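Take a moment with the sequence and the 3D view.

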Amino acid sequence: MKKIILVLLTVFLNLGLFSCTPQAISEEVKSTQACCGDDGHIPPPPPPPVGGNGG
């Protein structure tokens, strides 16, 4: 019985220590999303090469 309590306590302690905070999540979302032309113009990819190995 003591081992089960110790394991549960350890699991909840680890969850509390290493869980994400709402501030970290909101900062990550702000840095990865762009809206309404904030990042500027993204050029299209270059055309594929003409000719070549004929694979």
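What is the place of Val-11? Val-11 sits in helix α1. Keep in mind that this is a predicted model.

Buried would need under 20%, and exposed would need over 50%.

Next, follow the helix itself. Helix α1 covers residues 2-18, which makes 17 residues. From its first C-alpha to its last it reaches 24 Å, close to the 24 Å expected at 1.5 Å a residue. Of these 17 residues, the number buried is 0, so α1 lies largely in the open.

Val-11 also belongs to a nonpolar surface patch.

Finally, step back to the whole protein. It has 2 helices and 0 strands. Buried residues make up 0% of its 55 residues. The accessible surface is about 5,800 Å², and 68% of that belongs to carbon and sulfur atoms.

Technical notes: Residues numbered from 1 in each chain as written. Predicted model: local features only at pLDDT ≥ 70, side-chain atom pairs only at ≥ 80, totals over all residues. Heavy atoms only, no water. Helix = DSSP H or I, 4+ residues; strand = E, 2+ residues; numbered from the N terminus. Expected span 1.5 Å × (residues − 1). Buried < 20%, exposed > 50% of the residue type's maximum accessible area, 1.4 Å probe, protein only. Patch = residues over 30% accessible without salt bridge, like charges linked within 9 Å, V, L, I, M, F, W, Y side chains within 5 Å. Areas by Shrake-Rupley, 256 points an atom, 1.4 Å probe, with all protein chains shown as cover. Salt bridge = Lys/Arg side-chain N within 4 Å of Asp/Glu carboxyl O.
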